[in-house]
Amino acid sequence: MPDITIIAAALNSLKTATDIVKFLRESDLSLERAELKLKLADLVGALADTKLELVEVQDTLSEKDKRIVELEEAFQSKDAFVRHYDAYYVADNCGNPTGIPYCLRCWENDHKKRQLVHDARDHQTRVCTSCGHRYEGRMVGTIQPPPKAP
Ligand SMILES: [Zn+2]
C-alpha cells in the first residue's frame, strides 16, 4: 500500500473511534445496555484497526531509514568509487581503479555496491550477484594494484 494511503486509513480509523466516543458522551444515560456494548465493540474494533495501520506506518518508516543510510553511505563513497570500462572499482590513493569489479548497473541505478563474480559455466563472463546483469569478462576484470616501488 502506498505510504500516504496507510496514513489516511489510520486517520480514518481514529476518526471512527472518536465519533463513537462523541456519540457515547452525547447520548446521556438513555442507551440500552445492549446498544452500549455494541458501540464499545465498534470502538475496540476501530482502535485495533488504527493500531495495525500504525504498525504498517512504522515498518515503512524503518525501511525508509534503512534506505537513507544506504544512500548516505553511497554518497560518501562516491568519490572513492571510479568507473573503468564496464565496471566500478574502489579508487586507490591516486584515484586509479583497483581491486574487484562492482556492478555498473546497480551502482548507477540504485547506488548499491554489488560485486561481480565469475559465471560458474562461462569464465569469460562476470555476473552481478544482485541484478543478474552479465558482463563481458575482459571489460570488468579484477585490477591488481601496481607493484610497490622499492
Ligand atoms: Zn547489478
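Contact here means heavy atoms within 4.5 Å, and the views below are all taken from a predicted model.

**View 1. Domain 1 and domain 2, with the interface between them.** The domain assignment divides the chain into domain 1, covering residues 3-76, and domain 2, covering residues 79-139. The C-alpha centres of these two domains are 46 Å apart, and four residues of domain 1 are in contact with four residues of domain 2. About 340 Å² is buried between domain 1 and domain 2, and carbon and sulfur atoms give 50% of that area. On the side of domain 1, Arg67, Glu70 and Ala74 supply 76% of the area buried against domain 2, more than any other three residues. No salt bridge is counted between domain 1 and domain 2, whereas one residue pair, both at pLDDT 80 or more, is found in polar contact across their interface. The residues of domain 1 that touch domain 2 comprise two nonpolar and two charged residues, with no polar ones.

**View 2. The salt bridge between glutamate 70 and arginine 67 in helix α2.** The side chains of glutamate 70 and arginine 67 meet in a salt bridge, with an N to O distance of 2.6 Å. Both residues lie in helix α2 (residues 33-76), and because they are three residues apart there, about one helical turn separates them. Glutamate 70 is partly exposed, having a relative accessible area of 31%, and arginine 67 is likewise classed as partly exposed, at 28% relative accessibility.

**View 3. The loop between α2 and β1, with lysine 78.** Lysine 78 is located in the loop that runs between α2 and β1, the latter comprising residues 81-84. At a relative accessible area of 41%, lysine 78 is partly exposed. The C-alpha atom of lysine 78 is separated by 52 Å from that of aspartate 19, a residue 59 positions away along the chain.

**View 4. The salt bridge between aspartate 119 and arginine 134.** The closest N and O atoms of aspartate 119 and arginine 134 are 2.6 Å apart, and the two residues form a salt bridge. Aspartate 119 sits in the loop between β4 (116-118) and β5 (125-128), while arginine 134 is part of strand β6 (residues 134-136), so the pair ties together parts that are 15 residues apart in sequence. Aspartate 119 is buried, with a relative accessible area of 9%, but arginine 134 is partly exposed, with a relative accessible area of 47%.

**View 5. The salt bridge between arginine 138 and glutamate 136.** Here the side chains of arginine 138 and glutamate 136 meet in a salt bridge, with N to O at 2.6 Å. Arginine 138 is exposed, with a relative accessible area of 66%, whereas glutamate 136 counts as partly exposed, at 43% relative accessibility. A search of the whole structure finds five salt bridges, among them the one between arginine 138 and glutamate 136.

How values were computed:
Residues numbered from 1 in each chain as written. Predicted model: local features only at pLDDT ≥ 70, side-chain atom pairs only at ≥ 80, totals over all residues. Heavy atoms only, no water. Domains from an automatic or database assignment. Buried area = accessible area lost by both parts, 1.4 Å probe. Salt bridge = Lys/Arg side-chain N within 4 Å of Asp/Glu carboxyl O. Polar contact = N/O pair within 3.5 Å; in protein donor to acceptor, adjacent residues only side chain to side chain. Nonpolar A, V, L, I, M, F, W, Y, C, P; charged D, E, K, R; others polar. Helix = DSSP H or I, 4+ residues; strand = E, 2+ residues; numbered from the N terminus. Buried < 20%, exposed > 50% of the residue type's maximum accessible area, 1.4 Å probe, protein only.
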